[in-house]
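Thanks for coming. Please have a look at the model on the screen before I start.

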Amino acid sequence: MSFYIKTVEGNQRQSTQALLQQIYAAMENGEREFVIDACGQHDIGGPLWSADGNLEFTVNNPGQRVGSMAMAGTTIIVEGSASADTGWLNAGGEIIVKGDSGDTTAHCAAAGKIFVGGRVGTRSGSLMKHDPAYDAPEFWVLKNTGSFSFEFMGGGTAVVCGIDSEEFDSVLGDRACVGMVGGTVYYRGKASGISPATKIMDLDDADKKFLAEGMPGFLKKIGREDVLNELLDMSAWKKVVAKTYQERMKSKSNKKGMNNFRMGDWVQGGIFGDIFPDDGKVVNMINRADARLRVPEWLNSMFMAPCEAGCPAGIPSQTRFNLLRQGNVEDAYRLILEYTPFPGSVCGSVCPNLCMEACTRCMIDSAANIKGLGRMSTFVNVTLPAIDSNHKIAVIGSGVGGLTAAWLLRLRGFDVTVFEKDDVVGGKLVNAVSRERLETKTIEAEIDRIKNSGIKFELNTCVDKQKLDQLEKEFDYVILAIGAYQPKLPPWEGKEKIASYLDFLKQVNAGKRPAVGKKVVVIGCGNSGMDVVFGAYACGAEQVTAIDIQQPAAFKNEIEHAERLGAKLIWPAFTDKITDKGILLKDGRLLEADTVFCCIGEAPILNPILPEKETDRGYLKVGEDFRLSDKVFAIGDMTKLGLLVAAIGAARETSMRITAECRNEVFAPRPRIRIPHERLSLGYFSAVDTTEAVEKPEQDFNRCISCGTCRDCEMCLRTCPEHAITRVVSAEKGTFEYVSDPDLCIGCGICAGVCPCGIWTMRDNPTPEGK
């Protein structure tokens with residue numbers, strides 16, 4: 001049995017020195033396996049040595065130098081990410097980091113193996129060396145490294161797999177392998193900026209054998225065996241080795257002296273004579289039309305605003321605020337219904353509003369009130385097209401994802417039928433979200449809007465494999481959105497005593513008051529846990545305790561409301577078993593309880609409907625297009641637990657794919673490219689009193705910066721020194737654009753400099769006169 005060490009008691013944190021002394025004392029008593037719930041303590045796991053057996057450390061939240069100078073026989077497993085200097089001067093230990101690792105990981109490693117299941121920081125692998133008396137050190141990284149990696153490397157082997165690193169210009173960072181004199185670095189993916197004192201080579205048979213033999217073990221240790229086949233494609237790999245001394249000297253001798261270059265190349269044909277001949281043509285200081293070096297482009301909506309990019313459903317809130325600024329209030333309120341039928345219930349009530357977290361306005365005062373703007377669309381109705389019975393779509397499940405898909409397809413005129421096993425439409429949003437967080441009138445209004453849209457509903461209808469096969473024959477497309485309703489319960493002793501929180505909340509939301517006793521304990525301090533806390537007090541509980549193994553993840557206002565009701569939140573708290581008296585924690589404390597609920601997640605019940613489909617940790621595996629077959633899609637929690645707005649995003653994309661296919665069009669999603677911050681001119685905006693923004697979100701359009709979308713401020717029009725810019729209106733389309741006249745424009749770039757929204761862009765003129 002492992003020796004467990006908890007380093008935080010109440011608000012008292014154990015020092016690094018005290019922790020190490022506790023480990024030494026435990027080793028003196030024969031302990032060899034440790035589980036350490038750390039809080040940033042340094043040097044965990046090394047240098048330690050046991051004459052009578054190996055040492056193993058399983059660590060959460062370590063500080064710097066975890067595994068530093070670790071010796072042979074020591075295994076260190078970091079559950080999550082690690083700080084800087086992981087494996088520093090590793091002398092033979094095996095170090096496994098299942099997340100990212102900080103700067104200088106494997107720095108000066110001389111033996112042993114280091115496995116990282118994420119990215120590593122700057123100067124990782126630098127000064128690795130190999131003592132011939134021992135096996136060479138190995139350093140395996142699943143993703144990519146920071147800059148200056150493997151500098152002054154003298155020996156050993158590093159493997160950088162490049163998984164999920166396509167966004168980086170180089171999986172080895174910038175200036176990799178500077179000063180490298182030995183060892184080998186294998187990498188997969190794009191790489192640039194590698195020291196010219198090295199050679200980039202193809203793999204030989206020995207290299208391929210090394211990777212093929214080592215890769216399965218590495219991936220198993222970090223829990224990523226799903227990418228094995230991808231990484232065994234040896235054609236994607238290269239290796240870096242140091243040039244020999246002779247090769248480096250030869251490279252130096254080939255360099256041309258400055259005088260030889262000036263006399264032989266620079267003068268002949270002009271300054272750029274080695275590239276193209278100089279025709280001698282003189283270009284004026286100020287140029288127009290084709291003679292400009294740079295030309296402006298009005299790239300309206302080319303980039304996503306941070307709020308739009310941050311929203312999993314891609315809702316363009318900047319466009320809604322622009323419509324309000326223009327006085328098109330109804331259009332602003334209706335626009336969101338093209339993305340979700342739940343602007344009030346989800347966006348305006350239960351969503352964490354990632355859009356507001358990403359809002360550029362946070363750099364000035366506070367985010368634009370997108371949450372409040374969502375509530376303004378709660379009772380809005382839209383004109384629906386006639387139903388086209390030529391295309392019939394079945395949706396299985398009436399939760400947020402299913403209803404969103406049904407609504408958006410109905411907006412496009414399709415004949416939609418929703419099949420629901422329950423007698424109530426709405427899934428967890430209706431049944432499991434506390435009315436403390438979501439007002440009854442809001443969810444009822446939005447459900448009624450969907451019901452009254454012409455969508456058909458088949459309630460109390462269970463869909464199994466046989467029924468699904470039948471629906472595939474009767475409908476053009478089938479969307480599975482059955483959610484996740486099987487509670488996740490760890491193998492605790494007495495877990496059968498735990499009550500179903502989903503059944504409990506469903507009864508509470510239906511107006512019932514099930515008996516829970518005087519004392520209630522809730523395992524899990526997320527928003528669902530807070531919903532149960534609210535429900536327990538509503539049902540007469542006098543004392544409610546919520547526990548978690550980590551800092552509560554619920555929204556701050558939900559936690560504050562729970563505490564106002566009298567709830568006590570305890571963390572970190574690790575459950576040992578459930579008894580008739582309550583919950584016994586691993587530290588020996590007993591939390592008395594008449595009723596225990598567990599709210600740590602759910603898994604989908606797939607076997608009745610998809611008995612043979614591939615799963616990942618209990619969730620249905622689907623591709624990026626959410627497709628299971630030509631006719632069947634799967635979305636929402638049945639594929640992966642996530643936010644309600646993530647299910648909305650998946651439903652919207654699926655509805656767009658189906659629409660495109662039914663209309664023989666090409667599905668072309670909007671590129672999710674967030675506008676770079678440096679394109680915006682924030683100097684025009686100053687901090688203001690945001691009281692009105694909270695009280696009247698529909699009046700908050702002046703604070704919205706409209707990142708990436710023209711706010712029609714005419715700043716460019718009024719500041720252009722050559723009066724080259726005009727505003728052109730299309731009465732037919734009801735749109736406008738700003739146009740630069742090339743015969744007047746001198747390419748000065750003032751329009752791009754003054755644009756607050758980052759719309760105007762200066763690009764090089766591909767064929768200016770004189771070039």
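This is a predicted model: local features need pLDDT of at least 70, side-chain atom pairs count only at pLDDT 80 or more; totals for chains, interfaces and linings use all residues.

Residues are numbered from 1 along each chain as its sequence is written, and side-chain values use heavy atoms, with hydrogens and water left out.

The sheet first. Helices (H or I, at least four residues) and strands (E, at least two) are DSSP runs, numbered from the N terminus, and two strands pair if DSSP finds at least two bridges between them. Four strands make an open, parallel sheet, in the order E22-E21-E20-E26. At the edges are E22 (568-570) and E26 (595-598), each pairing on one side only. Strand E20 (residues 519-523) is joined to E26 by four bridges, and isoleucine 523 stands opposite cysteine 598.

Next, the hairpin. E31 (residues 725-730) and E32 (residues 735-740) run antiparallel, with six bridges. Four residues lie between them, and glycine 734 in the turn has a positive phi of about 70°.

Now the rings. Rings of Phe, Tyr and Trp (its six-membered ring) pair if their centres lie within 6.5 Å; planes under 30 degrees apart are stacked, over 60 edge-to-face, the rest tilted. That gives 14 aromatic pairs. In one of them, tryptophan 298 and phenylalanine 736 have centres 6.3 Å apart and planes at 55°, so the pair is tilted. Tryptophan 298 is in strand E14 (residues 294-298) and phenylalanine 736 in E32, so the pair ties together parts 438 residues apart in sequence.
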